[in-house]
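Here are my notes on the model you sent. Please read them with the structure open.

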Amino acid sequence: MTAACPTCGAPVEFRYDDSFVRVCGSCRSSVLRTDRGVETLGQFADLTPLASPFWLFAGGAIEGVAFQIEGRVQIRHAAGGVWQEWFAKFADGRWGWIAEAQGRFFVTFEAHGAAALPAFDLLRPGASVDVLVPVRGSAKATPATFYVAEFGAATYIAGQGELPFRVAAGESYRFADLSDGTGRFASIDYGAAGHAKPTLFVGRELGLAEFNLPGSAPAAAPGSPTLRARKLACPQCHGSIELQNPDASLRVGCPYCGALLDCEGDLKILAKFGGKRIKPLLPLGTHARFEGEKFAIIGYMRRAAVVDRTEYPFDEYLLHHPAKGYRWLVCADGHWSYVSPLDPGSVRGDLNPSALGATFKHFSTALVAVKFVVGEFYWRVAVDDQVLASDYIAPPYMLSKEAVANEVTWSLGRYLTADELRTALAQPKLVLPRADGVAPNQPFRHQRAKRATGVAVLIFLVTALLLGMVVSRSTQHEEWLTTQPDPEGRAVAFSKPFTIKANRNIRVRLEAPVSNSWLAIGGDLLNDASGELDAFDAEVAYYSGVDGGESWSEGSRAANIFIGSRPAGSYVLRVETEGPPGQPGLPVRAIVTQGVFRTIHFFLAFLVVGVPWLILWVMSLRFEHLRKVGSDAGSPWTEFFDDSDDE
């Protein structure tokens, strides 16, 4: 269908029966097709120059279904910033919405017949929304739970091509963006205030390669605007400011005078900075390589957590890559972290949330305020802006949540060592500030050694237990040896031959019925076949009596001699005794046992493997103490370690 534009008379063509609006290529009017003809819905503004890999009439395919882009709209967020959505006609008859957001791409389709949706006024950041999502090509619907990432208002400011819905220039609508943490994305269009029925759109995030576009966007795609100049002059100090990301930056802090400028259009002074300007350690324009890509530092911000009226400052560097979007480098007390945005739907729980297969422990919650800015930012940042920030840790990672009235953002930080940062910056000799204390997500440097020694201790204990169970103790010989002492109290006796088993230790237990006396016992364990012997000596002594009406005793009537394993064979014990002169001969009971568990050997071996583990455990305990000192809960070991330091 072709009709004349009601505003300028230029021909406008509706190529599809199910499209409703065509943007006039001559006067930018939004032309609505009705059953009574066409009418204008107002005139769009000029397209804002936004870099994009998509272009009008570009074709591609998603999961084997071909599509062609037929139109786009540009939308201004109520909090500032412009994004655009492309509208593609698919070969299966559906219209698909392709949205771009900070280097990420989402494709959604209208979910016809979806379940009842929550009222806009009842939405809360992070709240769950249960919906029934229709199954493609079927009358069935599956239940799904999404989580509110953001809700608010936006305004259509520009358009191009053919659109499958009614859109008027300058018209505002309310929306809610949701995700489920698995890559699926949903958006609820509530329309203008008083609109009767919201509309649900469901889809998922895609990588750019999944669109199967034929090459890249032309340098000057038909109807595309030209990016504005990158170099601008500060209206306060007239210093030259080079914008690294001019199509998305909303605020820029002048590096010369510190003024905060609005760069939505011509530069305008928003606030003059009267305090002491801060020179970033990493200059703007510095490049750092992460995720295999080179990011540029385009902004720097000093923020501070406010706890009990005390400020704890930290630095944040905004990184940008045209395809990857935004990342952060954060430095607090000389400790660095690389921070990436995280899908809010991928986080579960409140006190100790889980994300990406890990559980994070709550560390701290505090108001965080902006103190100084320089460089470019993709939101309307201002000095003294505050958010409620909560940090959760699973070293070396930290999960961070920042919440305002209508939006919650999650990010995942990974601890960087100084050497890792220097490598990323390609500056091996860069002098970095000395790290102070222990960072919330800093890993214990000797964690692997602690784990290895802990495993060694466990293996040792299990092995000792198994050996104690498997190796049976056996008595190889037991005999009373009669001794006849000479006048000097010496006597010698020999046992009967007995058998010794190989690969088992030997215990010789000697007992004598001494009473208020002593008996020295020596001798040898003699191998009948080889003549090899193991000499031993011991003493038994036992005394007892009554003192003050109370009986007492000391000493022992038995002694144990341990000998290592010996070759199997026949052995004889030679026992030589010596006691006080004139003492009558005392019989000696000899018991030869093998496979005896030696407690002393167990503890000595345990010390060998256990002491290193114990040292590392104490070190890690102190490390965790220093970490938790900065947490909301504090450290339960504060008094202990403070006393230790005093000593």
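Predicted model: local features only at pLDDT ≥ 70, side-chain atom pairs only at ≥ 80, totals over all residues.

Two strands count as paired if DSSP finds at least two bridges between them.

1. **E4 and its partner E5.** Strand E4 covers residues 29-34, and strand E5 covers residues 37-43. The two run antiparallel and are joined by five bridges. Leu-32 stands opposite Glu-39 in E5. The link between E4 and E5 is a hairpin of two residues.

2. **E4 and its partner E3.** Strand E3 (residues 21-23) also pairs with E4, in the antiparallel sense, over three bridges. Here Val-21 has Leu-32 as its bridge partner in E4. This pair also forms a hairpin, with five residues between the strands. Arg-28 sits in that turn and has a positive phi of about 65 degrees.

3. **Cover over E4.** Is E4 mostly covered or mostly open? It is mostly covered: five of its six residues are buried. Leu-32 also belongs to a core of 21 residues, which includes Phe-87, Trp-95 and Trp-97.

4. **The largest core.** The largest nonpolar core has 26 residues. Leu-510 and Leu-573 have the most contacts inside this core. Strands E34, E35, E36, E37, E39, E40 and E41 each supply at least two of its residues. E37 (533-547) gives the largest share, four residues.

5. **Around Leu-573.** Leaving out residues up to four places away in sequence, Leu-573 touches Phe-494, Phe-498, Val-508, Leu-525, Phe-536 and Val-592, among others. Its contacts also include Ser-495 and Asp-524.

6. **Cysteines.** How many disulfides does the model contain? The count is zero, with a cut-off of 2.5 Å between sulfur atoms. For Cys-8, the nearest cysteine sulfur is that of Cys-24, 3.6 Å away. Cys-8 is partly exposed, because its relative accessibility is 39%. The sulfur of Cys-234 lies 3.7 Å from the closest cysteine sulfur, in Cys-254, so the pair is too far apart for a bond. Cys-234 counts as buried because its relative accessibility is 1%.

7. **Helix H3.** Val-608 lies in helix H3, which spans residues 599-628. Val-608 counts as exposed because its relative accessibility is 62%. Val-608 and Asp-46 are 562 residues apart in sequence. In space, their C-alpha atoms are 77 Å apart.

Key
Residues numbered from 1 in each chain as written. Heavy atoms only, no water. Buried < 20%, exposed > 50% of the residue type's maximum accessible area, 1.4 Å probe, protein only. Core = buried A, V, L, I, M, F, W, Y, C linked by side-chain atoms within 4.5 Å. Contact = heavy atoms within 4.5 Å.
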